[in-house]
Amino acid sequence: MKLNRVTALFLGLVLAFSLAACGQGASSASASSSASSAAAEAKTEEQLLAEENEILSANDALWEKVFSSMDKNVTETTLSTNYGDFLLSAVEKAKDQFSDEEYKTLTTDAEKIRAIEEQIAALAPAEDAASGAAAQGTAFPQFEGSDLEGNPVDNSLFAGNAFTVVNFWFNGCKPCVEELDDLNALNEKIKAQGGEVVGINTETLDSNQQGIDAAKKLLAAKGASYRNIYFASGSEAGKFALNIMAFPTTYVFDRDGNVVGQPLLGGIDKEENLAALQKNIDAALAKDSAK
Amino acid sequence: MFMTKKQAQLLLLAAGVLMLLFGVWRGEADTVFSKAIRLCMECVGIG
Amino acid sequence: MDKKKLNPLARFRGFIQAGATLLTNLHLPNFAKGTLYQGSGKYVCVPGLNCYSCPGAAGACPVGAFQAVIGSSKFRFSYYITGILILFGVLLGRFICGFLCPFGWFQELLHKIPSPKLSTKKLKPLRYLKYAVLLVMVVLLPLLAVNELGMGDPFFCKYLCPQGVLEGAIPLSLTNAGIRAALGKLFTWKACILLAVIVGSVVFYRPFCKWLCPLGAFYALLNKVSLFQMRVDTHKCVSCGACAKACKMDVDITKTPNHAECIRCGMCMKACPTDAIQYKFGLGDKSNTETTKE
């Protein structure tokens with residue numbers, strides 16, 4: 001009897017834990033399974049390519065003829081166009097070498113391949129986005145947002161500066177808040193070099209009013225007057241920001257919005273961290289003046 | 001008379017539930033969540 | 001000895017510990033990816049000591065969460081976490097330490113490494129250290145040592161907790177170059193603590209639980225009133241002393257069946273020749289004679 005109750009309780013706990021685990025399945029599926037879904041997509045792409053090869057090898061002899069009739073110089077443009085279209089035009093050019101029936105099989109094969117190529121093309125961008133996010137990105141994604149005062153901001157932000165220091169933070173993060181005054185000092189210092197410090201507070205995304213109010217208070221308390229911006233959390237830039245796990249993280253971007261060096265984890269109120277950031281800044285400056 | 005063990009247990013269970021609910025009501029769970037989903041660098045000993 | 005009657009909980013404790021550790025850190029692919037689980041499970045804390053900065057962690061760490069709330073500028077006390085801990089403590093007490101805590105299991109596994117084993121009986125006064133850790137590092141310092149904005153540091157996590165290094169810093173730094181670059185003095189200090197706990201666990205049984213763990217301290221305070229209890233049948237007991245000898249937490253269960261240090265591991269039950277010791281779960285003291293009113 002007692003035992004039953006104990007087991008029941010334990011099972012209850014197990015259930016609670018597994019429910020918590022299921023919650024993840026639903027809510028963070030996008031985050032945690034992005035890599036696995038990318039893997040799944042890669043697989044299907046492989047499968048699709050295999051299908052193409054099958055189609056070609058089914059009428060091996062005919063296709064050999066087509067290929068031998070082709071120009072040897074395959075240009076960039078032919079590579080970037082749909083392979084099915086490319087084959088179709090090749091078949092069209094070598095039309096007189098084949099009987100009507102042969103011509104028909106070749107064109108239907110080429111049409112099939114074109115359809116498969118379209119499927120692959122549809123897969124590709126999704127996969128790029130996922131793997132790009134996983135690698136924390138090499139460029140800041142396109143975005144349209146605004147600063148905490150409501151002024152619109154977009155990617156042209158980067159073009160206006162020789163380099164841009166982007167600091168990711170959130171309100172409840174003590175080390176983040178403690179470096180706000182140092183970031184402000186840095187902003188004043190790098191203005192002369194054409195640089196700018198921009199803050200992105202992940203709690204202000206989607207113009208979350210509570211988060212913005214709290215962030216403004218903290219910035220004011222720390223005497224920080226540099227720009228802080230936000231955008232939609234569902235945007236590519238939002239994903240970039242939410243993909244950041246350790247706070248504070250400080251990136252340096254060049255004029256084209258590309259990441260320079262390794263992002264810095266930790267507050268620049270620590271000397272060694274400031275030195276690491278300065279290295280990235282110097283690299284960005286060197287890159288910009290070399291242009 | 002002093003409380004029996006059973007009374008103490010019931011009282012504590014009730015207190016636990018009430019504190020939990022009060023804490024959720026005033027928004028503590030969000031603070032916990034925002035800290036728990038991000039890497040707390042000073043917590044794990046980085047830096 | 002008659003082992004047939006041994007309570008299955010005690011018999012399969014190792015499996016339960018493994019299962020609990022797995023459930024607490026369910027998001028295994030995150031270890032390879034070097035990311036944290038960010039789903040709604042993190043609103044709730046797990047019963048054992050398990051870092052929420054562990055890639056696999058399915059929930060928040062109760063000690064970390066408590067300090068996070070107290071250390072935030074918005075709150076000075078965490079009713080939420082205290083409430084959860086009281087519920088855990090009253091329902092299960094230090095059963096959590098013995099069965100559900102991943103770090104407890106970790107120490108036990110280390111203790112299986114063959115080596116000379118030392119008794120902790122003479123080190124009993126050190127037990128009180130964990131209450132000081134709870135009071136000072138978990139409550140007072142995060143509450144009082146704050147900056148001008150009322151934000152405090154999680155002192156226990158930051159300066160003492162070895163679980164954070166084991167589950168957080170080490171796996172994350174393996175997969176993330178940025179984190180590797182950020183490892184500094186604090187990491188060195190905490191890696192030393194972890195190493196000390198590891199070495200200590202090989203020669204002593206659960207040294208961290210006995211002397212330092214603030215979560216264990218909190219559950220210890222509630223162990224006497226927890227619904228999950230030990231019961232010694234005085235009619236069956238032959239006062240042979242086998243149970244006290246078998247107890248690695250240095251408790252004499254015949255004298256104090258619900259001692260603050262008892263983690264309900266059941267080693268005394270295994271040692272008892274007459275099956276006089278049983279688990280019981282229920283309100284009050286005498287669950288065997290308990291009436292239907294409950």
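At what angle do the axes of helix H8 (residues 129–144) and helix H14 (residues 214–223) of chain C cross? The answer is roughly 115°, and the axes come within 8 Å. This report looks at chain C of a predicted model.

## H8 against H14

Two packed helices are described by the angle between their axes and the distance between the axes. Angles of 65 to 115 degrees count as roughly perpendicular, so H8(C) is roughly perpendicular to H14(C). The crossing of H8(C) past H14(C) is left-handed.

Which residues make this contact? H8(C) supplies C:Lys130, C:Tyr131, C:Val133, C:Leu134, C:Met137 and C:Val138. H14(C) supplies C:Pro214, C:Gly216, C:Ala217 and C:Phe218. By class, the contact has eight nonpolar, one polar and one charged residues.

## H4 against H5

Helix H4 (62–71) and helix H5 of chain C form another pair. The axes of H4(C) and H5(C) cross at roughly 155° and come within 9 Å. Angles over 145 degrees count as roughly antiparallel, and H4(C) and H5(C) are therefore roughly antiparallel to each other. Their crossing is left-handed.

From H4(C) come C:Pro62, C:Ala65, C:Phe66 and C:Val69. From H5(C) come C:Tyr80, C:Ile81, C:Ile84 and C:Leu85. The contact of H4(C) with H5(C) has eight nonpolar residues, no polar ones and no charged ones.

## H7 against H12

Helix H7 (residues 102–111) of chain C packs on H12(C) at an angle of about 55°. Their axes are 7 Å apart. That angle makes H7(C) oblique to H12(C). Is the crossing of H7(C) and H12(C) right-handed or left-handed? The crossing is right-handed.

H7(C) gives C:Gln107, C:Leu110 and C:His111 to the contact. H12(C) gives C:Ile198, C:Ser201 and C:Val202. The classes are three nonpolar, three polar and no charged residues.

## Transmembrane regions in the record

An unreviewed UniProt entry places the feature "transmembrane region" at residues 79–107, 128–146 and 186–205 of chain C. Over residues 128–146 of chain C, the chain is 84% helix and 0% strand. The end C-alpha atoms of that stretch are 26 Å apart. Over residues 186–205 of chain C, the chain is 90% helix and 0% strand. There the end C-alpha atoms are 27 Å apart.

Domain 1 of chain C puts 18 residues into the contact, and domain 2 of chain C puts in 15 residues.

On the domain 1 side, helix H1 (8–11), helix H5 (79–91) and helix H6 (95–100) of chain C each give two or more residues. H6(C) gives the largest share of that side, three residues. The residues of that side divide into nine nonpolar, three polar and six charged.

## Where chain C meets chain B

How many residues does each chain bring to the contact between chain C and chain B? Chain C brings 45 residues and chain B brings 33 residues. On the chain C side, the elements giving two or more residues include H4, H5, helix H9 (155–160) and helix H10 (162–175). Helix H11 (177–182) and helix H12 (185–203) of chain C are also among them.

H5(C) provides the largest share of this side, eight residues. The side of chain C that touches chain B has 28 nonpolar, eleven polar and six charged residues.

Conventions. Residues are numbered from 1 along each chain as its sequence is written. Chains are lettered from A and ligands numbered from 1 in the order in which they are written. This is a predicted model: local features need pLDDT of at least 70, side-chain atom pairs count only at pLDDT 80 or more; totals for chains, interfaces and linings use all residues. Two residues are in contact if their C-beta atoms, placed from the backbone, lie within 7 Å. Helices (H or I, at least four residues) and strands (E, at least two) are DSSP runs, numbered from the N terminus. Ala, Val, Leu, Ile, Met, Phe, Trp, Tyr, Cys and Pro count as nonpolar, Asp, Glu, Lys and Arg as charged, and the others, Gly among them, as polar. UniProt positions are given in the numbering used here, feature names are shortened, and annotations may be inferred rather than shown by experiment. Axes are lines fitted to C-alpha atoms, for helices over the stretch in contact, and angles run from 0 to 180 degrees between N-to-C directions. Angles under 35 degrees count as roughly parallel, over 145 as roughly antiparallel, 65 to 115 as roughly perpendicular and the rest as oblique. A crossing is left-handed if the near helix is turned anticlockwise from the far one by less than a right angle, and right-handed if clockwise.
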